[in-house]
Amino acid sequence: MLLLDIIHLKTQFPTQDGMVKAVDTVDLQIAEGERIGLIGETGCGKTVLGMSIVRLLQPSTTIEGRILYRGRDILQLNDEEMRRLRGKEISMILQNPTTSLNPVLKIGDQIAEAIQLHQKLGKREAKSKAVEMLESVNIPDAQRRADQYPHELSGGMKERVMIAMGLACDPSFVVADEPTKGLDAKTKMQIIDLLREATAHKSLLMITHDLGVAQAICDRIAVMYAGELLEDASSRLILEEPIHPYMQGFINSLPSRGLMPIPGTSPSLIAPPPGCRFHPRCSRATKICERRHPEMVEVEKGHYVRCLLCA
Ligand SMILES: Nc1ncnc2c1ncn2[C@@H]1O[C@H](COP(=O)(O)OP(=O)(O)OP(=O)(O)O)[C@@H](O)[C@H]1O
Ligand SMILES: [Mg+2]
C-alpha cells in the first residue's frame with residue numbers, strides 16, 4: 001500500500017539573485033515498509049526534499065505540489081496538525097548531529113523532550129523512556145550517558161542519539177539525512193546495521209552520498225540531479241544496470257571503479273541549463289538534449305529514467 005505520494009513537488013527559496021529551485025517537480029512514491037535511498041551530488045536538493053516532507057523549512061520558502069501521507073496532503077495541514085504528525089507518524093533524523101543537537105542540554109533530556117511533545121508522559125517517565133531509547137540504539141551504559149552533553153560523545157554516539165530521537169515515538173515513516181557521514185568505516189557499518197534493524201518495519205527515505213550505504217539498507221534508489229529525479233529503480237538494477245549517463249558516471253566515480261569523476265560541476269539552481277539539465281556534462285549529449293527537457297519514462301518494469309537517449 002502507498003504510504004507517501006509526492007506529486008509535482010516544487011520547493012523554492014527567494015534570494016537576492018533569484019529563486020533557488022532546490023526541488024523542481026519531483027514525483028516519488030513510497031510504499032508501506034519500503035526503504036528508498038536518495039542519492040546525488042552535494043547541493044542537488046536532497047535535504048530540501050526531506051525537509052519539505054517534514055515541513056521544517058523557513059516560512060519564506062515556497063512549496064507547491066502535493067505530499068499525500070496515507071492519502072492526506074501534508075502541505076495542507078495547519079501547524080498544530082503538522083506538529084502532531086511530525087515525530088509520531090513521520091520524523092526526520094537530521095543531517096549533522098553536531099549542529100542539530102542542543103549543546104547545552106543533556107542528551108537524555110533532549111530525547112525526553114521529543115517524547116513529551118507527542119506522548120502524555122511525566123518528566124520522569126519520559127526520561128526513563130529516553131534511557132530505553134539510548135539502549136535500543138546500542139549506547140552502552142545508557143543511564144550514565146543520558147546525563148552527558150553532546151560534546152562528551154563521539155561522532156558515532158551522537159549519530160546514535162539522533163537516531164534514538166528520530167525513532168522515539170515509533171513513526172511509520174522516517175527520513176534519515178546522511179546518517180553515516182563523517183564516520184569511520186567500522187562505526188559506519190554499525191550505524192548501517194542499527195538503521196537496518198530499527199527501520200525493518202518502517203518506510204524510510206535515506207539520503208546519502210554513499211551508494212554502498214544505500215545498497216545495504218534500501219530496496220530502491222532514486223537519483224537526484226539539480227533538483228530533479230533522473231533515475232529510480234530497485235537497488236540492484238541501479239547498481240548493476242544503471243541507464244542514465246549521470247548515474248553511470250556516478251558509479252564510475254566510486255573508489256572501487258577507479259575514481260573517474262564526472263567532469264564539470266553541478267549547475268545553478270537559479271537558472272538551470274535548458275533541455276536536459278545534465279547535458280553540459282554529458283559525453284553522449286546531442287543537439288536535442290540542449291533543447292528538449294526529458295520526462296521520466298519507465299524504460300523497463302520499475303525502472304524509470306529521465307534521458308532522451310535512453311527512452
Ligand atoms: N534556506 C535556503 N535559502 C536559499 N537556498 C537554499 C536554502 N537551503 C538550501 N538552499 C539551496 O538549495 C540547494 C539544495 O540544498 P540541499 O541542502 O538540499 O542539498 P543536498 O543535496 O542536501 O546537499 P548535501 O549533499 O551537501 O547535503 C542548494 O543549492 C542550497 O544552496
Ligand atoms: Mg543535505
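Where is alanine 226 found? In this predicted model, alanine 226 sits in the loop that runs between strand 9 (220-225) and strand 10 (228-234). Have a look at its backbone there: phi is near 45°, a positive value in a residue other than glycine. Most residues other than glycine have a negative phi. Alanine 226 also counts as buried, because it has 23 C-beta neighbours inside 10 Å and 20 or more are enough for that label.

Asparagine 96, in the loop between strand 6 (90-93) and helix 3 (97-100), has a positive phi of about 65° although it is not a glycine.

Now let us turn to the ligand. Around ligand 1 there are 16 residues, and those that come nearest are Phe13, Ala22, Thr42, Lys46 and Thr47. Strand 1 (2-15), strand 2 (18-31) and helix 1 (46-54) each supply at least two residues of this shell, and helix 1 gives the most, with three.

Finally, follow a pair of helices. The axes of helix 4 (residues 107-118) and helix 7 (residues 155-167) come within 9 Å and cross at roughly 20°, which means that helix 4 is roughly parallel to helix 7. The crossing is right-handed. On the helix 4 side, Ile107, Gln110, Ile111 and Ala114 make the contact, while helix 7 brings Val161, Ala164 and Met165. These contact residues divide into six nonpolar, one polar and no charged.

Methods:
Residues are numbered from 1 along each chain as its sequence is written. Chains are lettered from A and ligands numbered from 1 in the order in which they are written. This is a predicted model: local features need pLDDT of at least 70, side-chain atom pairs count only at pLDDT 80 or more; totals for chains, interfaces and linings use all residues. A residue is near a molecule or strand if its C-beta atom, placed from the backbone, lies within 6 Å of it. Helices (H or I, at least four residues) and strands (E, at least two) are DSSP runs, numbered from the N terminus. Axes are lines fitted to C-alpha atoms, for helices over the stretch in contact, and angles run from 0 to 180 degrees between N-to-C directions. Angles under 35 degrees count as roughly parallel, over 145 as roughly antiparallel, 65 to 115 as roughly perpendicular and the rest as oblique. A crossing is left-handed if the near helix is turned anticlockwise from the far one by less than a right angle, and right-handed if clockwise. Two residues are in contact if their C-beta atoms, placed from the backbone, lie within 7 Å. Ala, Val, Leu, Ile, Met, Phe, Trp, Tyr, Cys and Pro count as nonpolar, Asp, Glu, Lys and Arg as charged, and the others, Gly among them, as polar. A residue is buried if 20 or more other C-beta atoms lie within 10 Å of its own, exposed if 12 or fewer, and partly exposed in between; C-beta atoms are placed from the backbone.
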